[in-house]
Amino acid sequence: MNAVAAVRAAWRALTINLLRSVLTMLGIIIGVGAVITMVAIGAGAQARVEEQIQSLGTNIMLIVPGAQTTSGVRLGAQTGQSLTEFDAAAIALEVPEVQAAAPSLRTGAQVVAGNVNWAAPVFGTTPDYFEVRDWPLAAGRNIEEAEVAGAGKVAILGATVVEQLFGDADPIDQVVRVKNVPLTVIGVLTRKGQNSAGQDQDDVVVVPISTFRHRIQGWGGGKLKRVGAISVKVREGQDMRAAEDHVRELLRQRHRIPDGLEDDFGLRNLTEMLAAQEEASRTMTMLLAAVAGVSLVVGGIGIMNIMLVSVTERT
């Protein structure tokens, strides 16, 4: 029997028992479709976590102030003022595993360009912040050390702020106003997208930390130069756990915290948090694949029964 005759015989057998053939194909389609769908869902979730890790940056730690206690009442996390710019400089200089450390301050403000305005988070930080976050510029230049030292009136905008204020126009060398302070736009950041909390990372205005203190916030912060957070990048190939221990030990020494007392700061290993999410996503992918496999097995058993009935009838 040649191929053409075989195809004709198979087609004739399928059309004779049309309902039985449809049920057989339905079992195959549902089983295979379930496997493909479940695996695709799991792979998509895992890819999303990997995208968040890339947008956050690799080997990142975040140091935040601890809880403030007033008259025996603890006011909650990050209410204290225990971190300073000098702490960030000491971490970058004295911890060998650390590549860069950037102090930062944050507030929300209305950003105005011409007759257009937009409410956005405003960050005051140093040029090292973009190295820590692995966040290159799409256009323009970075903040210079001289502008940090002299509270220069410059700003770098995120992609969302550029879209809202300038549309398709070039924002470089344009002037925006933040709390009535004119700032010249010197750079535009590449697009990062949303973080793990669903916040738009591109909705941001970055200024020198001294500009934030003296011109936007209107308060110098005293001789200690208090900051709201310190972002730390660990060198590639270094042990994150060892770097975390060394940073904690250094800050406890600098803050003169006796043994037995808790830290007056919080240290978060963001990479480990996202890695845990990735592991959970991988486990979920395996679970979904197992469920889809069961569907495929059930469909296969149904097909076997139908084929057995067909062979029995023909016999």
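## Helix 7 and its surroundings

Gly218 follows helix 7 and has a positive phi, near 75 degrees. The model discussed here is predicted. Helix 7 spans residues 209–217, and its buried residues are Ile209, Ser210, Thr211, Phe212, Arg213 and Ile216.

One of these, Thr211, is located in helix 7 and counts as buried, with a relative accessibility of 0%. When neighbours within four places in sequence are left aside, the residues in contact with Thr211 are Glu147, Ala151, Gly152, Leu183 and Ile216.

## The chain as a whole

The chain contains nine helices and 12 strands. It has 315 residues, of which 41% are buried. Among contacts with a separation of 6 or more, 73% are accounted for by residues 24 or more positions apart.

The accessible surface of the chain amounts to about 17,200 Å². Carbon and sulfur atoms contribute 59% of that surface.

## Salt bridges in helix 8

The count of salt bridges in the model comes to 11. One of them joins the side chains of Arg241 and Glu244, with an N to O distance of 3.4 Å. Both residues lie in helix 8, which covers residues 240–254, and they are three residues apart, about one turn of the helix. In an α-helix there are 3.6 residues a turn, so residues three or four places apart point the same way.

The two partners differ in their accessibility class. Arg241 has a relative accessible area of 40% and is therefore partly exposed, whereas Glu244, with 8%, is buried. The pair also belongs to a network of salt bridges that links Arg241, Glu244, Arg248, Arg252 and Asp263.

## Two further salt bridges

Arg191 and Asp202 form a salt bridge through their side chains, at 3.9 Å from N to O. Both residues lie in the loop between strand 9 (181–189) and strand 10 (205–208), so the pair ties together parts that are 11 residues apart in sequence. Asp202 has a relative accessible area of 1% and is therefore buried.

Another salt bridge connects Arg141 with Glu144, and its closest N and O atoms are 3.8 Å apart. Arg141 is partly exposed because its relative accessibility is 32%. Glu144 also counts as partly exposed, at 42% relative accessibility.

Most residues other than glycine have a negative phi, and most peptide bonds are trans. Against this background, two residues of the model deserve mention. Lys179, a residue other than glycine, has a positive phi near 55 degrees. Lys179 is placed in the loop between strand 8 (175–178) and strand 9, and its relative accessibility of 44% makes it partly exposed.

Arg256 likewise has a positive phi near 55 degrees and is a residue other than glycine. Arg256 belongs to the loop between helix 8 and strand 12 (265–269). With a relative accessibility of 72%, Arg256 counts as exposed, since the cut-off for that class is over 50%.

Definitions and conventions. Residues are numbered from 1 along each chain as its sequence is written. This is a predicted model: local features need pLDDT of at least 70, side-chain atom pairs count only at pLDDT 80 or more; totals for chains, interfaces and linings use all residues. Side-chain values use heavy atoms; hydrogens and water are left out. Buried means under 20% relative accessible area, exposed over 50%, partly exposed in between (1.4 Å probe, protein chains only). Helices (H or I, at least four residues) and strands (E, at least two) are DSSP runs, numbered from the N terminus. A salt bridge is a side-chain nitrogen of Lys or Arg within 4 Å of a carboxyl oxygen of Asp or Glu. Contact means heavy atoms within 4.5 Å. Accessible areas come from the Shrake-Rupley method with a 1.4 Å probe; for residues, only the protein chains shown count as cover.
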